[in-house]
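Here is a short tour of one protein model, moving from the whole chain to a few single residues. Please keep the 3D view open as you read.

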Amino acid sequence: MDYVSALVPPFVMAVFFIVLVMTIVKSQGGSNKAKEDAAVDAVLARAEATQQQK
């Protein structure tokens, strides 16, 4: 029974990692891409405006 308790944590972490990677891959592109691009553009514009004021 010790082998089961030794294998459970790595198996759980592997499943978690696979789900995390799948979520990241699914969230790339599509309708989310436009929202992400708009957010990045807003942050860059704010940074440029702050830099020009100095």
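This is a predicted model, and its secondary structure amounts to two helices and zero strands. The protein is more spread out than a compact globule, because its radius of gyration of 21 Å is well over the 10 Å that the globule rule gives for 54 residues. The C-alpha trace tells us about the outline too: along its principal axes it spans about 65 × 30 × 5 Å.

What share of the 54 residues counts as buried? The figure is 0%. The accessible surface comes to about 5000 Å², and carbon and sulfur atoms account for 70% of that area.

Let us walk along helix 1, which covers residues 2-27. With 26 residues at 1.5 Å a residue, helix 1 should span 38 Å, and the 39 Å between its end C-alpha atoms agrees with that. Where does helix 1 bend? Look at Val 8, where the bend is about 30 degrees; a proline, Pro 9, follows within four residues. After helix 1 comes Gly 29, which has a positive phi, near 80 degrees.

Leu 7 belongs to helix 1. Is Leu 7 buried or exposed? Its relative accessibility is 57%, and exposed means over 50%, so Leu 7 counts as exposed. Glu 36 sits in helix 2, which takes in residues 30-53. At 35% relative accessibility, Glu 36 counts as partly exposed, a class that lies between under 20% for buried and over 50% for exposed.

Each of these two residues can also be paired with a partner farther along the chain, as tabulated here.

| C-alpha pair | Separation along the chain | Distance |
|---|---|---|
| Leu 7 and Ser 27 | 20 residues | 31 Å |
| Glu 36 and Val 12 | 24 residues | 30 Å |

Note on methods: Residues numbered from 1 in each chain as written. Predicted model: local features only at pLDDT ≥ 70, side-chain atom pairs only at ≥ 80, totals over all residues. Heavy atoms only, no water. Rg over C-alpha atoms; globule rule 2.2 N^0.38 Å. Buried < 20%, exposed > 50% of the residue type's maximum accessible area, 1.4 Å probe, protein only. Areas by Shrake-Rupley, 256 points an atom, 1.4 Å probe, with all protein chains shown as cover. Expected span 1.5 Å × (residues − 1). Bend = angle between axes of the 7 residues up to and from the residue.
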